[in-house]
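Student: Could you take me through this model, setting each term against its definition as we go?

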Amino acid sequence: MPVEQKKDRVILKHPKGSSVEILYYGATVISWLSVIGQGSQPVECLFVSSKAALDGSKPVRGGIPVVFPCFGAPSHPEHAKLSQHGFARSSTWNFDYVVMDNDAGVSVRLTLSPTPAIQSVYPHDFLLSYVVTLAEHQLSTDLHVTNKSDKPLEFQALLHNYIRAPANEVAVSNLQTLNYYDKTETTEGAQTAAKVESREIVDVRRFTDSVYENAPQHYYVAWPEGGVEIKTVNFKDVVVWNPKAEAGSKIGDMEVNGWDHYVCVEPGHVRGFFSLEPGQTWIGQQTITSPGSKSHSL
Ligand SMILES: O=P(O)(O)OC[C@H]1O[C@@H](O)[C@H](O)[C@@H](O)[C@@H]1O
């Protein structure tokens, strides 16, 4: 069965061996197994902490949490009652339908509309839909935001990819010359002052929490034995985050040394807000290509 619906999740299976698992809670992709070598076993491309809660009690520490309508601590007046990174990652989404199911790919759509819990903290009517598509060597996750209210909807959105990788050997590229904001700085003034990325290769050997703006929407995350390529549409910014022990040891649901096993490369629209007119839909898309693809060079 290429699309298997379970009580709390849906599993997509591609005929060539890759698979993806999506929790209804948060529409969180919690596993992406991709075939890397001819005839070999599929390999997990995402990191999920062994201490992550998968029962809907808190956002999943790993996989691909969906961040909406605010990134980080809320700064917009309409978001004042929201938690860090908003409600999309901590709400239960509905399975909508199978979009596609053929040799090219398997694709499903999940949706989220305001629930009473969301309405109590957020004043807008909206429809979120999330289309997850699995191809032989690719995972695409597309977020559609529709403004169903009669005033502009101002939001931020981000896909918080935890890419499984040996963090101390990771090289993230295509960020050179970009302006970025360094959230590891300790004062507000330093956090809000733009820096310019001088490095051709960005590493995460130290605690890193950098918000790059107006980025090229095409990144390579490489390490000696592998790598992934990330391409996006309408996610103009990208965050690179790894807490290392310095900040990671304070995260309750992070496994010991978990920070050594991933890098977060998170495409988003997070510098400023996107303003969506009533009745309009915005679509943010990403495609992550696994090392199994012959079509990309790292
Ligand atoms: O612990 P959370 O809420 O999942 O956030 C994890 C990290 O998410 C990143 O996107 C932020 O830039 C970090 O500042 C933050 O610490």
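Tutor: A hairpin of 2 residues joins strand 7 to strand 8, strands being DSSP runs of E of at least two residues, numbered from the N terminus. This is a predicted model, in which local features need pLDDT of at least 70 and side-chain atom pairs count only at pLDDT 80 or more, whereas totals for chains, interfaces and linings use all residues. Residues are numbered from 1 along each chain as its sequence is written.

Student: How do you know that strand 7 and strand 8 pair?

Tutor: Two strands pair if DSSP finds at least two bridges between them, and 7 bridges join strand 7 (residues 94–102) to strand 8, the two running antiparallel.

Student: What joins strand 8 to strand 9?

Tutor: Here too there are 7 bridges, and strand 8 runs antiparallel to strand 9 (residues 126–134); Val 108 has Val 132 as its bridge partner in strand 9.

Student: Which residues are around the ligand?

Tutor: They are Gly 72, Gln 84, His 85, His 160, Lys 183, Asp 209, Val 239, Trp 241 and Glu 266, a residue being near a molecule if its C-beta atom, placed from the backbone, lies within 6 Å of it.

How values were computed: Helices (H or I, at least four residues) and strands (E, at least two) are DSSP runs, numbered from the N terminus.
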